[in-house]
Amino acid sequence: MAAGSPKESRQGPTKDFSMNVQIKPNDLAAFWMPFSANRQFKKAPRLFVEAKGVHYVTNDGRRVLDGTSGLWCVNAGHCRPKIIEAIKQQVETLDFAGAFQMGHTRAFEAANRLISIAPKGFEHVFFTNSGSESVETALKMAIAYHRAKGNGTKVRLIGRERGYHGVNFGGTSVGGIGGNRKMFGTLVGGVDHLRHTHDLSRNAFTRGEPEHGAELADDLERLVALHDASTIAAVIVEPVACSTGVLIPPKGYLKRLEAICRKHDILLIADEVITAFGRLGTAFGSDYFGISPDLITTAKAITNGTIPMGAVFVKSHIHDAFMNGPEWMIDFFHGYTYSGHPMACAAAIGTLDTFAEEGLLTRAAELAPYWGERVHALKGLPHVIDVRNIGLIGAVEFEPDPAQPGKRAYDRFVQAFEQGLLVRQTGDIIALSPPLIISKDEIDQLFDIFSKVLKNAS
């Protein structure tokens with residue numbers, strides 16, 4: 001055998017894997033699917049092979065209307081030309097460059113483009129690769145900020161019951177969805193939770209923000225009295241708690257919570273992984289509700305779901321607190337190999353171009369009245385105990401079956417898919433959040449299918 005042959009090295013012959021491995025490209029066992037009933041799925045898989053606009057195409061050739069924007073992320077619709085072209089050009093030019101003590105121009109361009117649409121006061125962006133990483137980053141920033149300001153006792157983090165902040169240790173700890181927590185034990189210590197705002201007894205079938213419940217923000221005062229403000233670094237809440245089933249904050253609740261945070265020198269983190277980039281008809285959910293948090297976490301629609309990416313938006317007073325040591329020293333000991341990845345930055349720029357050219361950051365505001373009428377027309381259908389909407393988001397809550405929690409909504413999710421509609425099931429709730437490019441005719445198609453499913457379901 002000739003020297004340098006791939007079959008031989010200085011250590012002796014090597015195994016030729018290409019000849020012996022039995023590849024099974026369509027076998028389902030190898031992929032342990034996230035947040036899935038794996039055994040049930042693999043008995044009756046639901047597989048997509050294409051996507052365009054507001055539709056998926058299944059492996060058996062059926063068109064399925066995307067009623068969930070992929071997973072709350074494909075706000076501009078699927079396979080958009082500017083995003084595709086931006087990624088193609090980038091991978092042909094610069095495939096990777098790290099951000100540790102080095103940089104590339106796309107990262108700075110993307111950051112400046114993002115800041116240009118951010119709420120007032122946000123002048124810095126820290127790139128991550130997902131919503132979970134954005135949350136983890138923001139929590140660490142909050143604690144480190146207080147230490148940099150000489151308040152080293154401020155280490156406690158406050159989340160909210162039924163909140164969702166990703167799946168890493170910090171995010172799971174401040175999250176308040178029981179099923180996401182109980183499998184993993186204590187997680188991060190020193191975390192506490194505000195009460196959630198969901199109140200069917202007073203707010204069922206509300207259109208938009210509920211009238212009742214702003215006083216629930218005062219629960220933070222209870223936690224301050226319990227733990228003392230000198231120990232609390234930050235409060236993190238979603239402007240709209242979407243992953244838990246679309247819990248819309250009562251009128252005035254978020255402003256009241258913000259005021260209490262200011263009173264006690266507690267940072268307010270708005271988790272906008274879902275509500276940023278047009279979902280409510282404004283660039284950010286913070287704009288919609290008129291609040292000014294200290295940190296905003298984002299991901300999902302930042303690249304329209306095409307390349308994983310997240311970003312934490314940071315106000316100057318947070319950023320500048322870290323800029324006090326020697327210039328040659330690292331100022332924040334945190335980051336990821338793929339922070340500001342060139343292709344993710346290109347995808348973000350292509351996404352922002354698409355948003356701007358088509359007016360997608362505000363389009364939900366135009367569609368919201370029509371959308372709301374169609375959502376609330378579901379009232380009175382079998383087992384429906386609540387319907388709620390805000391922006392281009394809707395939710396239907398079903399009377400739970402005590403013997404099979406979540407089964408009623410799960411069955412309707414499967415039946416909707418079989419009828420050509422993708423919806424999102426969480427517990428006994430179905431959530432709806434189509435791409436922002438959806439037309440009124442397509443909204444009608446969505447609700448015609450879904451109404452039929454609800455009428456015919458047992």
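Trainee: What makes the approach of the side chain of Arg-279 to the backbone oxygen of Leu-392 a polar contact?

Mentor: In this predicted model, a polar atom of that side chain lies 3.0 Å from the backbone oxygen of Leu-392. The limit is 3.5 Å, so the pair qualifies as a polar contact. The backbone oxygen of Pro-434 lies 2.8 Å from a polar atom of the Arg-279 side chain, and that value therefore also falls within 3.5 Å.

Trainee: How do you know that Arg-279 has no salt bridge?

Mentor: The nearest side chain of opposite charge, Asp-66, is 8.3 Å away. A salt bridge requires a distance within 4 Å, so none is assigned to Arg-279.

Trainee: Why is the pair Arg-207 and Glu-373 called a salt bridge?

Mentor: The closest N and O atoms of Arg-207 and Glu-373 are 3.1 Å apart. That is within 4 Å, so the pair is called a salt bridge.

Trainee: Which values describe the interface of domain 1 and domain 2?

Mentor: The domain assignment gives domain 1 (38-68 + 360-456) and domain 2 (81-358). About 2,400 Å² is buried between domain 1 and domain 2, with carbon and sulfur atoms giving 63%. Leu-360, Leu-361 and Ile-390 lose the most area in domain 1, together 31% of what that side buries. Across this interface the rule finds 1 salt bridge, and 13 residue pairs are in polar contact.

Terms used. Residues are numbered from 1 along each chain as its sequence is written. This is a predicted model: local features need pLDDT of at least 70, side-chain atom pairs count only at pLDDT 80 or more; totals for chains, interfaces and linings use all residues. Side-chain values use heavy atoms; hydrogens and water are left out. Buried means under 20% relative accessible area, exposed over 50%, partly exposed in between (1.4 Å probe, protein chains only). Lys and Arg count as positive and Asp and Glu as negative; His and the chain ends are not counted. A polar contact is a pair of N or O atoms within 3.5 Å; within protein, one must be able to donate a hydrogen and the other to accept it, and residues adjacent in sequence count only if both atoms are side-chain atoms. Domain bounds come from an automatic or database domain assignment. Buried area is the accessible area (1.4 Å probe) that two parts lose on being put together, summed over both.
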